[in-house]
Amino acid sequence: MREHLTEIIVFTVLFLVVSGMGFVASRWRRPKDLASLDEWGLGGRSFGSWVTWFLVGGDLYTAYTFVAVPALLWGAGAMGFFAVPYTVVIYPMVFLVLIRLWSVSHIHGFVTPADFVRARFGSPTLALLIAITGIVATMPYIALQLVGIEAVLKSMGVTGHLPIIIAFAILAAYTYQSGLRAPALIAFVKDTLIYIVILAAVIVIPAKLGGWDVIFNKAQEKFAASPAPGDGILLNANNQLQYVTLAFGSALALFLYPHSITGVLASKNRDVIKRNMSALPAYSLLLGLISLLGFMAIAAGTTPIGKDNNTIVPRLFDQMFPDWFTGVAYAAVGIGALVPAAIMSIAAANLFTRNIYKEYVKPDASDADEARVSKITSLLVKVGAVACILFLDTGFSIDLQLIGGVIILQTLPAVALGLYTRWFHRAGLITGWVAGMGAGMLLLYNIGNPATGKLHFAGSAFPLDKLGLDTKMTVYAGVLALAVNLAVAALGTVVARAAGLADGGDATHPDHYLADEGDPRIKDLDLTAH
Amino acid sequence: MSAPNGNRSDRSPWNRLLLVPIVLPLLPFLFNSDEPRLLGFPMFYWLQLAFIAVGVTCTTIVYQMTKRGR
């Protein structure tokens with residue numbers, strides 16, 4: 001621990017400065033009072049292009065990504081690079097979808113995706129399923145942010161769980177006080193630090209190692225020598241389909257996560273969202289460069305601490321940078337974990353408040369009640385995430401996150417397709433959801449990894465030969481489960497219509513999906529759906 | 001879908017441009033190759049990073065052509 005003293009001091013100082021900002025954030029763009037979900041949970045729905053860029057960027061590109069993606073390249077090679085196509089296809093794909101969601105949400109005062117589903121399909125049950133899916137998918141995601149911090153702490157020789165508990169207690173306190181304003185303000189610092197660190201890394205490290213040619217060649221040598229069949233600096237015939245479906249499926253899932261939608265709804269108009277869809281890929285470039293740190297670590301001969309591959313990037317920094325700068329880099333990862341963790345806990349809390357508490361416990365809850373319940377729930381969510389890390393194996397959190405991606409995809413027919421069409425019957429959507437969930441779990445359960453001896457939940461690449469096909473190809477389980485969901489939802493809709501089953505009402509109007517800032521109905525029609 | 005208050009709609013021929021950056025990165029035969037290298041990067045890496053620029057260009061054009069006031 002002593003040889004890491006400089007790093008620890010730099011890390012601690014930066015961490016404390018940022019925490020101070022989190023508390024001060026409640027005064028930033030100060031509203032009359034914070035006692036409503038619009039203010040506490042969505043920052044007053046007033047963020048412009050810059051704030052939204054930092055907020056959504058800080059939200060989607062998490063500390064865990066920065067640690068885990070390079071670790072994946074370090075271990076498996078080209079397959080890990082799926083993060084790049086994934087974050088390229090996402091923005092054009094959601095460009096038109098999110099502005100519709102923004103418009104309809106502002107007219108009706110929706111705070112969560114489940115709010116929208118409730119009004120669109122007239123089904124509190126379906127909304128409840130969407131809300132629970134969102135909460136369950138988000139919890140392990142928050143826990144993974146702690147894995148990111150842990151990797152950094154471990155590399156500084158700091159062990160034990162106390163530092164993590166303290167870090168999360170501070171995070172919980174300022175999120176409680178400032179709501180979404182806290183991560184929005186902190187995101188500026190986090191991203192500035194990350195950009196500085198990565199620019200330095202991609203200039204300094206390749207120069208020290210003899211250039212990019214050497215880095216890629218060393219990686220190629222490592223994978224050529226390894227007995228694993230799927231690795232290499234290029235894809236092979238059997239994992240291309242997995243690469244493409246994983247990139248596409250992950251992109252579909254990303255904006256279904258409640259925390260991404262929270263970031264989008266907090267922006268002030270449709271143009272802010274459109275402009276961000278063209279500016280957010282700056283982070284994709286960053287992520288692409290970060291992922292290559294995995295190959296740099298191969299060329300530099302970096303070894304992980306124990307068997308924890310997530311320590312590869314922190315160890316590489318320690319090896320390559322002077323102590324004070326390593327401290328800055330570690331702080332970037334540590335603070336990088338706080339921003340998404342705060343937004344995720346707010347999003348999960350909003351789902352609970354709007355779609356469970358208000359729906360089933362206290363239908364006449366006032367704005368102040370809602371804000372109070374959300375604040376308390378956000379604390380509980382964080383306690384849950386810390387408990388995940390303390391009491392469960394880290395590997396188990398990663399499994400849960402994997403499952404999370406597959407299950408959040410099952411909300412696509414109701415949330416994303418629902419923005420375009422009211423064709424689906426609520427009963428069809430519910431049976432589709434049940435079928436998709438079941439299929440997803442079954443597929444993941446049957447994915448093993450012979451190399452580690454793990455029989456179940458060992459990854460997301462489902463071997464097609466298990467379906468009786470004569471091939472060694474694999475495919476992303478989430479996409480298969482979604483296909484089952486869509487097929488059953490369509491079939492269920494036809495059957496429900498034929499049987500004359502009562503459908504829910506639709507509180508939205510085609511014109512609501514086009515409204516923009518300045519539209520009088522955005523205030524006038526507020527909360528008509530409730 | 002009709003817009004009762006007149007000329008507002010999300011539809012625009014420019015939107016079709018968004019398909020380019022969605023389809024390109026999902027075609028591995030385009031980029032799954034080591035040669036030609038660029039600045040030491042195998043094609044697999046530099047071309048996929050270049051697709052980011054394609055995505056930015058297409059979304060920016062669509063944004064500029066469909067923003068309010070046009």
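**Reading an interface and a cavity**

Tutor: Chain A and chain B bury about 3,700 Å² between them, with 67% of it on carbon and sulfur atoms. This is a predicted model, where local features need pLDDT of at least 70, side-chain atom pairs count only at pLDDT 80 or more, and totals for chains, interfaces and linings use all residues. Residues are numbered from 1 along each chain as its sequence is written, chains are lettered from A in the order in which they are written, and side-chain values use heavy atoms, leaving out hydrogens and water.

Student: What is buried area?

Tutor: The size of an interface is often given as the accessible area lost when the parts come together. Here buried area is the accessible area (1.4 Å probe) that two parts lose on being put together, summed over both. Pro92(A), Leu234(A) and Leu514(A) supply 15% of the area that chain A buries against chain B, more than any other three residues.

Student: How many residues does each chain bring to the contact?

Tutor: Contact means heavy atoms within 4.5 Å. Chain A brings 48 residues and chain B 38 residues.

Student: Which residues form a salt bridge between the chains?

Tutor: A salt bridge is a side-chain nitrogen of Lys or Arg within 4 Å of a carboxyl oxygen of Asp or Glu. The count between chain A and chain B is one: Asp213(A) pairs with Arg37(B), and their closest N and O atoms are 3.0 Å apart.

Student: Which helix of chain A gives the most to the side that touches chain B?

Tutor: Helices (H or I, at least four residues) are DSSP runs, numbered from the N terminus. The answer is α5(A), with ten residues. That side of chain A divides into 30 nonpolar, seven polar and eleven charged residues; Ala, Val, Leu, Ile, Met, Phe, Trp, Tyr, Cys and Pro count as nonpolar, Asp, Glu, Lys and Arg as charged, and the others as polar.

Student: How many cavities does a search of the whole structure find?

Tutor: On a 1 Å grid over the protein atoms alone, a cavity is a set of points where a 1.4 Å probe fits but cannot get out, and lining residues have an atom within 4 Å of a point. Grid points are joined across faces, edges and corners, and a volume is the space filled by probe spheres set on the points. The search finds three cavities of 30 Å³ or more, and about 70 Å³ of space lies in the largest cavity. Its lining has eleven nonpolar residues, no polar and no charged, including Phe66(A), Ile194(A) and Phe317(A).

Key. Helix = DSSP H or I, 4+ residues; strand = E, 2+ residues; numbered from the N terminus. 1 Å grid on protein atoms, 1.4 Å probe; cavity = no way out; pocket = protein on both sides within 12 Å on 5 of 7 lines; lining within 4 Å.
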